Amino acid sequence: STFDRIPPTGHGALDRWIFDMVSLCQPDRVYLADGSDREFSDLVEPLVKCGQMMRLKRPGSYACWTDPRDVARSEQSTWIATASAEDVGPLGQWIDPLEIKKELLICFNGSMKGRTMYIVPYCMGPLSSSYSLIGIELTDSPYVVLHMHKMTRMGAEVLARLGKEGPFYPGLHSVGCPLLKGAADVSWPCNVERRAIVHFPKEKLVWSYGSGYGGNALLGKKCLSLRIASVKAKEEGWFAEHMLILGITNPEGKKRYFAAAFPSACGKTNLAMLKPSLPGWKIETVGDDIAWLHIRKEDQTLWAINPEAGYFGVAPYTSKTTNPYGYQTISHDTLFTNVAITQDRDVWWEGYTPTCPEGVTSWRNVPYDPKKDEEPAAHPNSRFAVRATQNPIFDPASERPEGVPISAILFGGRRRSLLPLCWEALSFEQGVFWGATLSSETTAAADGKVGQVRFDPFAMRPFFGYHVGDYFAHWLSLAKVASSFRMYRVNWFLEDAKGNLLWPGYGDNIRVLKWIFERLEGTAQGEALPFGIIPQGLDVAGLKVDLKALFPYRKQDWLKEMALIESFFETIGSRMPGRLFEELEALRDRVENLSY
Ligand code: SAT
Ligand code: MN
């Protein structure tokens with residue numbers, strides 16, 4: 001029977017859990033992933049043969065296409081299951097743990113029939129780091145296993161580190177689509193009607209059913225490294241954040257590290273891999289999506305590790321000109337999802353080249369005509385997955401067990417008006433206020449309408465594992481180390497009346513990073529406005545930009561924005577820290593008192 005063929009892991013509790021999940025899901029086979037290159041090709045070959053994946057012209061690279069209903073994270077199907085709804089708060093979806101377990105047990109029962117269950121041991125963070133966490137994902141999706149190869153450290157070395165009784169974070173994933181005997185598989189098995197991504201913070205457990213897509217299915221990423229980790233971080237005094245980490249070196253050779261929070265699909269990957277348009281400056285990438293921040297006891301400074309080992313980046317508008325290092329990174333050994341395909345089996349997406357080549361096949365697998373088709377050729381949330389070490393500016397410090405010291409934290413969203421290109425918070429508490437009031441127009445990274453402004457505090461709205469009010473209080477507790485970093489807001493997305501972007505972005509964002517760097521050095525000037533300090537002498541040499549429009553300030557607009565912030569804070573209820581209301585009042589006073 002299948003049970004006789006469950007590969008032992010040598011870890012008692014893990015073996016027992018696997019046995020239970022095999023009994024529940026009833027796969028035909030169970031396979032323990034070792035993370036080797038050989039395993040990667042053994043998994044990909046049959047998928048290419050049966051047409052679920054396509055081998056591309058670029059070496060070691062493959063593409064696949066999802067069910068058109070399973071193309072993004074589904075926030076409507078994501079839950080936090082705690083005994084009391086009060087512990088989840090207004091931004092997450094609460095569900096009763098017992099009720100949902102009953103319901104999902106019925107779903108998982110026999111859900112892997114006809115398929116293989118893959119056991120994927122993975123480590124979030126460097127294997128040698130005491131901050132890293134080991135997860136075990138059980139999945140019936142080979143697509144997931146291939147992506148875990150790119151996105152995490154996984155396989156035999158992780159099991160070895162886990163040992164016989166080390167702690168691990170269990171995650172069960174099924175596409176929810178059992179294969180009947182002799183039946184042919186569909187090209188993207190999933191079960192959208194019953195999709196559910198459920199987190200059990202008390203047990204530190206994740207159950208994900210029905211979706212095969214990215215953040216819903218790669219359980220190490222949003223589920224473990226943000227939602228579950230945020231709960232653990234709160235308990236233990238650290239921070240699990242939706243932030244990129246970059247190293248920035250000035251022309252004199254001094255290096256600093258910045259962390260930056262932006263909502264999904266707002267350019268984190270591009271910023272983390274930025275090629276400076278200013279001579280002498282250098283950027284290196286530590287991470288493009290997630291940062292775990294710890295306080296170093298000896299000197300009360302803030303340090304960060306990137307728990308991931310790869311990038312799951314948005315493909316559209318990644319090009320030789322917008323993101324040259326990204327372009328190089330994905331030139332080989334890359335997995336693509338929902339991109340368009342050229343006649344010679346290469347990838348294409350909007351913005352990849354200025355014009356669409358002849359004979360492109362769209363992500364929906366139909367011939368694409370850029371003149372007639374209203375939809376884009378590649379899905380707006382189409383993705384590449386690639387190992388971070390392929391990045392020509394990969395920072396080797398990413399492998400340091402202690403991480404890197406952070407000297408600035410940036411918050412950014414997509415706002416076409418009102419919010420200036422950049423400003424420095426007047427204090428640590430005001431910096432937390434600017435993180436708490438981060439707002440952005442929605443993108444294609446999640447199901448739902450695109451372009452709606454919503455508050456997305458710390459870019460964590462979809463990823464909180466506990467009450468947002470408690471989360472703000474946890475951030476305020478960082479005050480004791482606040483002398484080691486400063487906080488900034490940025491907005492690359494201001495538009496003029498015609499809807500044209502006012503700021504070139506991409507490589508020119510170095511100009512803002514340079515100002516921040518020099519603020520930290522004490523050499524850059526700023527002008528205090530009610531909301532913070534804006535640059536004086538921002539280096540825009542060689543750019544044609546309207547600085548006045550990039551730093552708008554109108555009292556009436558700000559009063560309106562503050563009314564929105566106030567009602568947002570009120571929705572958070574009694575767990576909302578009073579300190580942030582005080583910041584709001586202080587800001588209102590300053591705005592009221594400024595005459596223009
Ligand atoms: O959640 S995903 O990793 O699929 C995409 C994102 O939101 O960053
Ligand atoms: Mn993200």
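Q: How far is an oxygen atom of ligand 1 from an N or O atom in the side chain of Arg-73?
A: This is a predicted model. In it, that distance is 2.8 Å.

Q: And how far from an N or O atom in the side chain of Ser-264?
A: An oxygen atom of ligand 1 is 2.6 Å from such an atom of Ser-264. For the Lys-222 side chain, the distance from a ligand 1 oxygen is 3.2 Å.

Q: How much of ligand 1 does the protein bury?
A: Ligand 1 taken alone exposes 250 Å². The protein buries 98% of that.

Q: Where does ligand 1 sit?
A: In the largest pocket. Residues surrounding ligand 1 include Tyr-213, Lys-221, Phe-312 and Arg-383.

Q: How many nonpolar, polar and charged residues are in that shell around ligand 1?
A: Two nonpolar, three polar and four charged.

Q: Which helices each supply at least two residues of the shell?
A: Helix 6 (214-217) and helix 7 (220-236).

Q: Switching to the metal. What coordinates the manganese ion (ligand 2)?
A: Lys-222 through NZ, His-242 through NE2 and Asp-289 through OD. The distances run from 2.0 to 2.2 Å.

Q: How are those donor residues spaced in sequence?
A: The pattern is K-x19-H-x46-D.

Q: Why does the Lys-222 and His-242 pair tie together separate parts?
A: Because Lys-222 lies in helix 7, while His-242 is in the loop between strand 12 (239-241) and strand 13 (243-249). Those parts are 20 residues apart in sequence.

Conventions: Residues are numbered from 1 along each chain as its sequence is written. Chains are lettered from A and ligands numbered from 1 in the order in which they are written. This is a predicted model: local features need pLDDT of at least 70, side-chain atom pairs count only at pLDDT 80 or more; totals for chains, interfaces and linings use all residues. Side-chain values use heavy atoms; hydrogens and water are left out. A residue is near a molecule or strand if one of its heavy atoms lies within 4 Å of it. A polar contact is a pair of N or O atoms within 3.5 Å; within protein, one must be able to donate a hydrogen and the other to accept it, and residues adjacent in sequence count only if both atoms are side-chain atoms. Accessible areas come from the Shrake-Rupley method with a 1.4 Å probe; for residues, only the protein chains shown count as cover. On a 1 Å grid over the protein atoms alone, a cavity is a set of points where a 1.4 Å probe fits but cannot get out, and a pocket is an open set with protein on both sides within 12 Å along at least five of seven lines; lining residues have an atom within 4 Å of a point. A molecule sits in a cavity or pocket if more than half of its atoms lie within 2 Å of its grid points. Helices (H or I, at least four residues) and strands (E, at least two) are DSSP runs, numbered from the N terminus. Ala, Val, Leu, Ile, Met, Phe, Trp, Tyr, Cys and Pro count as nonpolar, Asp, Glu, Lys and Arg as charged, and the others, Gly among them, as polar. Donors are N, O and S atoms within 2.8 Å of the metal (3.2 Å for Na, K and Ca); water is not among the atoms, so sites may look incomplete.
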